[in-house]
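Visitor: I have a model open and want to learn how to read it. Where do we start?
Guide: With the picture itself. Then ask about one feature at a time.

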Amino acid sequence: MGLACGTCRMGSNPALTVVDLQGRSHEVANLWIADASVFPSCPAVGPGLTVIAHALRVAEAIERSF
């Protein structure tokens, strides 16, 4: 089973990226990406803990935004 890594590029330039540095979509209001798709590439080792850490970071950003 492969992961969809690198499909939602993260960055500050909306013309080149899908989400901002907190994981919020540039184009869709209240859409946050908290999975491996924001990773620049697929790691060689299982990314489970990294995905969890990223999801917790995104959850904190969501909480701060409301």
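Visitor: Leaving aside neighbours within four places in sequence, which residues is His 54 in contact with?
Guide: One caution before the list: this is a predicted model. His 54 is in contact with Met 10, Ile 33, Ala 34, Asp 35 and Val 38. His 54 itself sits in helix α1.

Visitor: Is His 54 buried or exposed?
Guide: Read the relative accessible area against a cut-off. Buried means under 20%. His 54 has 8%, so it is buried.

Visitor: What does the side chain of His 54 reach?
Guide: The backbone oxygen of Ile 33, at 3.3 Å.

Visitor: What does Ile 33 touch, not counting residues up to four places away in sequence?
Guide: Val 19, Gly 23, Val 38, His 54 and Val 58.

Visitor: Which residues form the largest nonpolar core?
Guide: A nonpolar core gathers buried residues of the nonpolar kinds, joined through side-chain atoms. Here the largest one has seven: Cys 5, Cys 8, Val 19, Ile 33, Ala 36, Val 38 and Phe 39.

Visitor: Where is Gly 48, and how accessible is it?
Guide: Gly 48 lies in helix α1. Its relative accessibility is 41%, so Gly 48 counts as partly exposed.

Visitor: Now the surface. Which residues make the nonpolar patch of about 350 Å²?
Guide: Leu 49, Ile 52 and Leu 56. Leu 56 lies in helix α1, which covers residues 48-65. Exposed means over 50%. At 54% relative accessibility, Leu 56 therefore counts as exposed.

Visitor: What can a single backbone angle tell me?
Guide: Start from the general rule. Most residues other than glycine have a negative phi. Now look at Asn 30. Asn 30 has a positive phi of about 60°, although it is not a glycine.

Visitor: Where does Asn 30 lie, and how accessible is it?
Guide: Asn 30 lies in the segment before α1. With a relative accessible area of 47%, Asn 30 is partly exposed.

Visitor: One more residue. What does the side chain of Ser 25 reach?
Guide: The backbone nitrogen of Glu 27, at 3.1 Å. Ser 25 lies in the segment before α1. Its relative accessible area is 12%, so Ser 25 is buried.

Visitor: Which residues is Ser 25 in contact with, leaving aside neighbours within four places in sequence?
Guide: Val 18, Val 19 and Leu 31. Val 18 and Val 19 are also touched by Cys 8. Val 19 is one of the core residues too.

Note on methods:
Residues are numbered from 1 along each chain as its sequence is written. This is a predicted model: local features need pLDDT of at least 70, side-chain atom pairs count only at pLDDT 80 or more; totals for chains, interfaces and linings use all residues. Side-chain values use heavy atoms; hydrogens and water are left out. A nonpolar core is a set of buried Ala, Val, Leu, Ile, Met, Phe, Trp, Tyr and Cys residues joined through side-chain atoms within 4.5 Å. Buried means under 20% relative accessible area, exposed over 50%, partly exposed in between (1.4 Å probe, protein chains only). Contact means heavy atoms within 4.5 Å. Patches are made of residues with over 30% relative accessible area and no salt bridge: like charges are joined within 9 Å, nonpolar side chains (Val, Leu, Ile, Met, Phe, Trp, Tyr) within 5 Å. Accessible areas come from the Shrake-Rupley method with a 1.4 Å probe; for residues, only the protein chains shown count as cover. A salt bridge is a side-chain nitrogen of Lys or Arg within 4 Å of a carboxyl oxygen of Asp or Glu. Helices (H or I, at least four residues) and strands (E, at least two) are DSSP runs, numbered from the N terminus. A polar contact is a pair of N or O atoms within 3.5 Å; within protein, one must be able to donate a hydrogen and the other to accept it, and residues adjacent in sequence count only if both atoms are side-chain atoms.
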